[in-house]
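Please open the model in your viewer and keep the sequence panel beside it.

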Amino acid sequence: METEIITPEAELEKKEILNRYRGLLRSCRYKLDDSDKKLIRKAFNISLEAHKNARRKSGEPYIYHPLAVARIVAEEIGLGAIAIACALLHDTVEDTDITLKDIEGMFGKKVASIIDGLTKISGVFDASSSLQAENFRKMLLTLAEDVRVILIKLADRLHNMRTLDSMERTKQLKIASETLYLYAPLAHRLGLNTIKSEMEDLSLKYTEPALFAEIAQKLKDTQAERTRYIHKFITPIREALHEQKFKFRIFGRPKSVYSIWNKMKNKGVPFEEVFDIFAIRILIDSPSEQEKSDCWRVYSLVTDYYYPNPDRLRDWISTPKANGYEALHTTVMGPNGQWVEVQIRSERMNEVAEKGYAAHWKYKQGGHGEEDPLEEWLKKIRTSLENPDSNALDFINDFKLNLFADEIFVFTPKGEMRSLPVNSTSLDFAFDIHSQVGAKCIGAKVNHKLVPLSHKLNSGDQVEILTSSKQAPKADWINYVVTAKAKAAIKALLKEERNKQAAEGREILKRKMSHLKIDFNDENINKITAFLKLQDSQELFYRAALERVTNKELKEYLEAKDDKTNNQAQNQGPTLEELVSKARGKQDTLMIGDNMQNLEYKLSPCCNPIPGDDVFGFITVHEGIKIHRVNCPNAIALLSNHAYRIVKAKWTSQKLISFLAGIKITGIDKIGLVNKITQIISKELNVNMRYISFDTNDGTFEGNMMVFVHDTAHLTDLMKKLQKVDGVVKVTRIDTNN
Ligand code: MN
């Protein structure tokens, strides 16, 4: 038998643990029956035993943490016995010897599956951001199974934030930023507004301690003045409400430090200029069938005293926010010419506003069979998660966008209401109905008027989608949509479409290659892909399907291939020098110069040599000697295969006549750009042009031109000048203009 030595400190701790446990039971918002109490007691005992040797960073017994999380779950979120038991057990499988099997044996399948969800998502927010995102995605997947997993996780995170003081600074920063980035928006989406606010404030406290302290101090300093003002504002309304026999509460509430900081940051104003530092809240105790009309009666009463700003009336009673929030908000002109926000709602609405869905369910039970908006939302998450293509980081971004987005409400032709994020387009609406409707969408009628796919919808619009069986999704559709659902669907459809086209392109390419006597095999396909600088063979086939792999390109590939082979041969064989002197002997160097017109020389149009270029002559059967540049694309083939026809050549004096050279300019399309370029060429340098073409595409331009220059120095000078033109990115010499 082991004997335990019990110190007075340990005795005190034991008492404190029991105190906290009793506090948890008292804080339950549900009436617990005997089996509930038994379940919670059992979970507490097992957790206490499992964590008995562990301590938190602060030195406190570890069990304080699960007890605190359970209390948040019970008191602040308002969940029942199963969730409370799970909160007590939430760290056991991860941190102690207890296994999931043990849990299942002791508590059954339901509790085990929630603990499993919690274990999978706990402690995983480490390492890279993409891993974080992936884990967040997993977390949301488990959320779709049982929303309690996420609610307990939020409680866990909230308690960790409340006790962040004992952590090292780097950990504080990491945990606080994660909370702001992922958990607070999630709490918001689930309607847990109080928790969301506290998370934001705590995050700010640790990420921006000085700023946080400053704003908190200013709020404190202005408190007396604010209280006086609120009193002055409230008094006449309070009297009127009494007169009308309302049961109500009315009070002023300062906004959170975080929301004030956010306004300062977004509007670039100091604390003193943030006008809505507080809001007036009027909560009425009204039977549910009367609460809507009662809220409007209160509104009308408030506006009898203070003039409302018509642009700032928000009716979230007729159409609650997606997170369940219901209230009437208005901003009125208060005493001293100050705008004041007034929030009007029933006590029931208030509980939903503070506790979110947990409260919502409570009131919904035995409701009228309409679909639960939370279920709807979870369904949406599920579909976006199930898309195997969606990259975790993309997903988080889309998801966060949807988390923060305010909503609009639009209607189908039959009058069914759908909610979409603000800035949604007709195409978003089409994909919201069904991905096949989206895929075949050619336009829409909004309030009976024809609009394009990219048309932005407004609340109250009635939208009819027009489809055509011939329609196929386009790449730029991605730019027309804001919803994660539409984005994921378009990406998947495009990929599918591309694969289909690639299969057709493969056949087209096969025919083309056999025509040019190139074997259709993996080696050649890979080489052509590399030659055309494409990503993979799939892209090559896709281009072939669009007729964008030309015979010319394939021929160039063949030539390059030959050149390569010849190049290798040449490395072992004679050099250009040797070839030429072999053919003609040293004394036979051809002098090309001012008098060249009298001779039977021609400058080859394939590379347009100009004085200064390294050149050679090539004896042709019908056209005399043709001068090529040594780096002419054809040069190597000519030099190596027809060495006996090569003439060594050199330029003599120039300047009197001009030679044709090609220039290619690429850059960003700007007004007056073409004008500037042509001015430099014709006026400044007095160069004649023979050919010029400009193509613009999507803000970029490509210019090709053939100009007459004296020599390479002249050409280089011209190119340098062109390079300096604003908007020009690259100037290169080209052989010809085709
Ligand atoms: Mn924990």
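**A tour by selection**

Begin by selecting Glu702, which counts as partly exposed because its relative accessibility is 32%, and keep in mind throughout that this is a predicted model. Since Glu702 lies in strand E19 (residues 700-709) and Lys664 in strand E17 (residues 659-668), the pair ties together parts that are 38 residues apart in sequence.

Next, select Arg162 and Glu198, whose side chains form a salt bridge at 2.6 Å, N to O. This pair links distant parts of the chain, with Arg162 in helix H9 (residues 147-162) and Glu198 in helix H11 (residues 193-207). If you also show Glu76, you have a network in which salt bridges that share partners join Glu76, Arg162 and Glu198.

Now go to the manganese ion and display its protein donors, His65 (NE2), His90 (NE2), Asp91 (OD) and Asp156 (OD), which lie 2.2 to 2.5 Å from the ion.

Finally, select helix H1 (residues 8-27) and colour its buried residues, Ile17, Tyr21, Gly23, Leu24 and Ser27. They cover an arc of only 160° around the axis, so they sit on the same side of H1. Turn to the other side of H1 to find Pro8, Leu12, Lys14, Lys15 and Arg26 exposed. What covers the buried residues of H1 includes helix H2 (34-50), helix H3 (64-76) and helix H4 (81-89).

Technical notes: Residues are numbered from 1 along each chain as its sequence is written. This is a predicted model: local features need pLDDT of at least 70, side-chain atom pairs count only at pLDDT 80 or more; totals for chains, interfaces and linings use all residues. Side-chain values use heavy atoms; hydrogens and water are left out. Donors are N, O and S atoms within 2.8 Å of the metal (3.2 Å for Na, K and Ca); water is not among the atoms, so sites may look incomplete. Helices (H or I, at least four residues) and strands (E, at least two) are DSSP runs, numbered from the N terminus. The expected span of a helix is 1.5 Å times one less than its number of residues. Buried means under 20% relative accessible area, exposed over 50%, partly exposed in between (1.4 Å probe, protein chains only). The arc is that of the directions from the helix axis to the C-beta atoms. Contact means heavy atoms within 4.5 Å. A salt bridge is a side-chain nitrogen of Lys or Arg within 4 Å of a carboxyl oxygen of Asp or Glu.
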